[in-house]
Amino acid sequence: MFNGLKLPVIVAPMFLVSSPELVIQASRNGVIGSFPLLNARTSEILEEWLIAIKGELLDLPWAVNFISHPTNKRFEEDLQLIRKYEPPIVITSLGHPGKVIDVVHSYGGLVYSDVATIKHAKKAAETGVDGLILVANGAGGHAGRLNPFAFLAAVKQFWKGTTILAGGISDGKDILAAKVLGADFAYMGTRFIVATESVASEQYKKMVVNSTVDDIIYTDAFSGVHANYLIPSIEKEGIEINNLPSKESIDFSHMVDVKAWRDIWSAGHGVTTITKIEPIADIIAQLEKEYKEAQQAIAALV
Ligand SMILES: Cc1cc2nc3c(=O)[nH]c(=O)nc-3n(C[C@H](O)[C@H](O)[C@H](O)COP(=O)(O)O)c2cc1C
């Protein structure tokens, strides 16, 4: 399935940002596209998306992101659609992937689970997933706190399966660096918010272009789980940045209908080097160029 890839990259699933077109163009252009199932606001819309993506991509790899947390109100419905449309890769987040693994393995698909701590990585490894996505410090969305060097090294001590690294990976040399550290794939979200095919608003895309790493804040104020957000997007809502409340309970129901992710925008530390809004094909071409240049730079060193 991975033979035709131009780069070892998964375009990470992003709530209210990934679209079917982004997935299709990512996978057509030589990386792996993905989207959160909950981006389709109903199961009926989701079914249409799955038919369209499957019809366009045929044997190319693509992935869906399934929130396997009990507060996901569409858990059963979406699992049925996974069974029916057989996405080649299912990425599980925020919960035990057990039930999903049985379904996906029954049709020969792969399950990758995202983890942000060593404890969760060990737990996920025991469930029989095929890949671990290590969400390190600086990632967009619900990011971890671990340094990527230390995180990868620690996980490699007990994990022999596919390893995917996330967090601030923003250009081609970062992708090569992730490979050098021992990752099989780089998992990149923030870099693709600005793709023409993403459904982030123009204002959001422009904010990503104009922001640097200093404009990112890591807080649990909006969902009860720490995530990275663009400070200007919080300020534009009239919220005082130095006075953010701490949320007491974890509530992922906002993944379906809460205002938080629509009005307050997430991005990771990798924003600094993102300089324009452009088609995903051009972003991938740029990453490929940078990746090759980094390979040549390494060859020149030795
Ligand atoms: C706007 C935004 C929305 C996200 N939504 C989701 C989501 O719905 N499900 C998920 O598993 N991860 C989500 N993430 C996390 C990404 O899948 C990925 O882990 C992250 O973007 C990687 O770090 P990077 O942004 O520094 O490249 C989101 C990230 C961003 C920036």
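Ala, Val, Leu, Ile, Met, Phe, Trp, Tyr, Cys and Pro are counted here as nonpolar, Asp, Glu, Lys and Arg as charged, and the others, Gly among them, as polar. By this division, the shell around the ligand holds 13 nonpolar, 12 polar and 2 charged residues. The model is a predicted one, in which local features need pLDDT of at least 70 and side-chain atom pairs count only at pLDDT 80 or more, while totals for chains, interfaces and linings use all residues. Residues are numbered from 1 along each chain as its sequence is written.

Of the 27 residues around the ligand, A12, G140, G141, G189 and G268 come nearest; a residue is near a molecule or strand if its C-beta atom, placed from the backbone, lies within 6 Å of it.

T190 is located in the loop between β8 (185-188) and α8 (202-210). Helices (H or I, at least four residues) and strands (E, at least two) are DSSP runs, numbered from the N terminus. T190 counts as buried because it has 30 C-beta neighbours inside 10 Å; the term buried requires 20 or more other C-beta atoms within 10 Å of the residue's own, with C-beta atoms placed from the backbone. T190 and S266, 76 residues apart in sequence, are 8.4 Å apart in space, C-alpha to C-alpha.

Strand β9 (residues 216-219) runs antiparallel to β10, and 4 bridges join them; two strands pair if DSSP finds at least two bridges between them. Within this pair, I216 stands opposite L230 in β10. From β10 (residues 227-230), A227 and Y229 point one way, N228 and L230 point the other way, and all are buried.

Key
Buried ≥ 20, exposed ≤ 12 C-beta atoms within 10 Å, placed from the backbone.
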